[in-house]
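Morning, everyone. Please look at the structure on the screen, and then I'll walk you through a helix and some salt bridges.

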Amino acid sequence: MYDLTAFQHDVLYAIAGQDEPHGLAIKDELENYCEIEIHHDRLYPNLDEVVNKGLVEKGELDKRTNYYAVTARGQREFEARREWEDQYVDGFSSSDE
């Protein structure tokens with residue numbers, strides 16, 4: 001995951017937090033989190049990128065709608081990232097501010 005952009009990280013988290021979401025559900029989740037409008041020309045190339053990296057699988061719900069799901073490799077990458085993050089932020093809480 002080290003070579004993903006921050007937006008691609010957000011895309012991956014939005015997918016992982018839902019059960020096989022379609023593109024518009026991912027877009028809605030990102031818009032709620034980022035509090036900005038996410039345009040299709042930003043979302044779909046980044047979805048394709050995480051699919052091409054093998055972190056997400058893309059399937060077809062119907063002829064017009066695709067779903068996305070985190071792959072086993074993507075899950076392993078999540079776990080490795082969390083372990084790496086935890087060594088720096090473990091024990092940090094909002095009460096430490």
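**Salt bridges and a helix**

At 41% relative accessibility, Lys-58 counts as partly exposed. Here buried means under 20% relative accessible area, exposed over 50%, and partly exposed in between, using a 1.4 Å probe and protein chains only.

Quick background. This is a predicted model, where local features need pLDDT of at least 70, side-chain atom pairs count only at pLDDT 80 or more, and totals for chains, interfaces and linings use all residues. Residues are numbered from 1 along each chain as its sequence is written, and side-chain values use heavy atoms, leaving out hydrogens and water.

Back to Lys-58. Asp-48 forms a salt bridge with Lys-58, with the closest N and O atoms 3.7 Å apart. Asp-48 lies in helix α3 and Lys-58 in strand β1, so the pair ties together parts 10 residues apart in sequence. A salt bridge means a side-chain nitrogen of Lys or Arg within 4 Å of a carboxyl oxygen of Asp or Glu. Helices (H or I, at least four residues) and strands (E, at least two) are DSSP runs, numbered from the N terminus.

How many salt bridges does the structure hold? It holds 5. One of them joins Lys-53 and Asp-3, at 3.0 Å between the closest N and O atoms. Lys-53 sits in the loop between α3 and β1, and Asp-3 in the segment before α1, so this pair ties together parts 50 residues apart in sequence. Lys-53 also meets Glu-49, at 3.5 Å, N to O. Asp-3, Glu-49 and Lys-53 are linked in a network.

Now helix α2. Its buried residues include Ile-26 and Leu-30. Just after α2, Glu-35 takes a positive phi of about 60°.
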